[in-house]
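Dear colleague,

I am passing this structure on to you, and I would be glad if you could look through it before reading my notes.

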Amino acid sequence: MIAPSPYAKGIPVWREHGMASAGRLIELFVSTLRPFCDPTVVEHSFLTPAAEYRAVFGDYANVYGIRDEAGGRHAVFRPDNMVQNVAWLEARREYGPLVAVGGLLRTLRGPAAPLFRDRYMWPAVQVTHLVARKRALETLDAYQHALEDCFTALGLPVVSVRTRALTSYGDPCYLAVSCLPDGRPTVLATSYVMAAQYRRGRALAEDLEILDIGFTGKVIALVAQHHWDTRGLRLPSAIAPVSLGVVLDGPEESAAVRGWLVRQRAEGLRAALMPAGERRYRRARAERRLHRRGTPLIVTCGGGREPYGIVRRAPLAWQQMPSLPAPEQIHAELAGYDQRLLENARSRFEEGLERSGMLTGLCPSCADDPKNPVFGWVTPTSLRRCTHCGQPGKRALVSATGRFY
Ligand SMILES: [Zn+2]
């Protein structure tokens, strides 16, 4: 997905397949928003007027900027999209949501970790939605639910917590928390009702709140960390550039296979044909080529005694088929595969966050005890008996090591 070495520290180089998956991720996210809103997707100019940015964020030191010598105007290299998102909505007298895509550039101190800690964060998805104050919380909840659906579809188990660990940006602040393969928690998305200070310089109506929801390509990195086998990445079907590989083990594409492929594509499957070629072990080679690109499912056609076959992944298995599978069968196979990916990652999530005691029930008085450092409360509120004293309480995420990212 990305080149083995960066362009410069903290600037990873994306390859074609990675960019295709990033595009799919954005489409998936936007489609999870559609049930409750009508999003517009934009990419703003990379040069953000410095004065507008500083009016909102103050004189932040983590940005790169230039001075346009001809115009004498200062600009910053897009470090965040919120200012331009709000300006875009105000200019059109719209409320949003506006989904800004593209990359964000910020200075980086210390080591880089590709897609986890970068100087240039791409893709960076940032939603701005202006909402009446009385509807702000329910709308933020709807976004959080959409984010959870999106990450779950990618085989990433997630819990949402309401936290005060980052209060300077907004209140409330929700974090979507998933886990690394070793079970440690990691933040996948942030959602805020922006704090009052970020309305500076804006003539927003008094009863409007700014909602800000964001995530980055780290989502794809976490998918890659969880989902792989000896053949390469096992991409969730929603973001695999090819969701159905077809290996044709014969001299040419028969009319039956061609017609079947057209039907699969009409059903929304991203099907790719891979001719097996003339060499020995040709079908195995063609399969490996598809698997290396993260392809979840392969149908094999022709090649001697078996007319058709299906190659499943997670785990890898081949099964003979009497005929070419119908689109419904392909969809069911992909849903089963996605579910197996999610279950694999969920066992790590349960081990790392639940059995470790990080996600636990706490009553108000035990939550005040410094021995139980509450990082955030699970949202929507989930009632649980306190693990320490048995009194009625709520589910909380405690973190002895403080903040995590
Ligand atoms: Zn208690």
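Two residues are said to be in contact when they have heavy atoms within 4.5 Å of each other. In this protein, among contacts between residues at least 6 apart in sequence, 66% join residues at least 24 apart.

Before the details, please keep in mind that this is a predicted model, in which local features need pLDDT of at least 70 and side-chain atom pairs count only at pLDDT 80 or more, while totals for chains, interfaces and linings use all residues. Residues are numbered from 1 along each chain as its sequence is written, and side-chain values use heavy atoms, with hydrogens and water left out.

The overall form

The protein has nine helices and 23 strands, where helices (H or I, at least four residues) and strands (E, at least two) are DSSP runs numbered from the N terminus. The C-alpha trace spans about 70 × 70 × 40 Å along its principal axes. A compact globule of 405 residues would have a radius of gyration near 22 Å, and the protein, with 24 Å, agrees with this; the radius is taken over C-alpha atoms, and the globule rule is 2.2 Å times the number of residues to the power 0.38. Of the 405 residues, 51% count as buried, a word that here means under 20% relative accessible area, with exposed meaning over 50% and partly exposed in between (1.4 Å probe, protein chains only).

The zinc site

The zinc ion is coordinated at 2.3 Å by the SG atoms of C363, C366, C386 and C389; donors are N, O and S atoms within 2.8 Å of the metal (3.2 Å for Na, K and Ca), and since water is not among the atoms, sites may look incomplete. The arrangement is tetrahedral because the four donor atoms subtend angles of 103 to 117 degrees around the zinc ion, and four donors count as tetrahedral if all angles lie between 85 and 135 degrees. Along the sequence, the donor residues follow the spacing C-x2-C-x19-C-x2-C. C363 is buried, with a relative accessible area of 3%, whereas C389 counts as partly exposed at 39%.

Helix α4 (residues 136-153) has 18 residues and reaches 26 Å from its first C-alpha to its last, close to the 26 Å expected at 1.5 Å a residue; the expected span is 1.5 Å times one less than the number of residues. Its buried residues include L140, Y143, L147 and F151. After α4 comes G155, whose phi is positive, near 75 degrees.

In helix α6 (residues 255-266), the buried residues are V257, W260, L261 and Q264. They lie on the same side of α6, because they cover an arc of only 105 degrees around the axis. These buried residues pack against β15 (244-248), β16 (271-275), β17 (297-301) and α8 (327-355), while the face turned away from the buried side carries the exposed residues A255, V262 and A266.

Helix α2 (residues 50-57) has A50, Y53, V56 and F57 as its buried residues. Seen down the axis of α2, they fall within an arc of 135 degrees, so they line one face of the helix, and they pack against β2 (47-49), β4 (73-77) and α3.

Backbone details

A cis peptide bond joins A314 and P315, with omega about 0 degrees, and P315 lies in the loop between β18 (308-312) and β19 (317-321). Another cis peptide bond joins T379 and P380, with omega about -5 degrees; P380 is found in the loop between β21 (374-378) and β22.

R93, a residue other than glycine, has a positive phi near 50 degrees and is exposed, with a relative accessible area of 77%. L115 is not a glycine either, yet its phi is positive at about 70 degrees, and at 11% relative accessibility L115 counts as buried.

Terms used. Tetrahedral: all angles 85-135°; square planar, octahedral: opposite > 155°, others 65-115°. Arc of directions from axis to C-beta.
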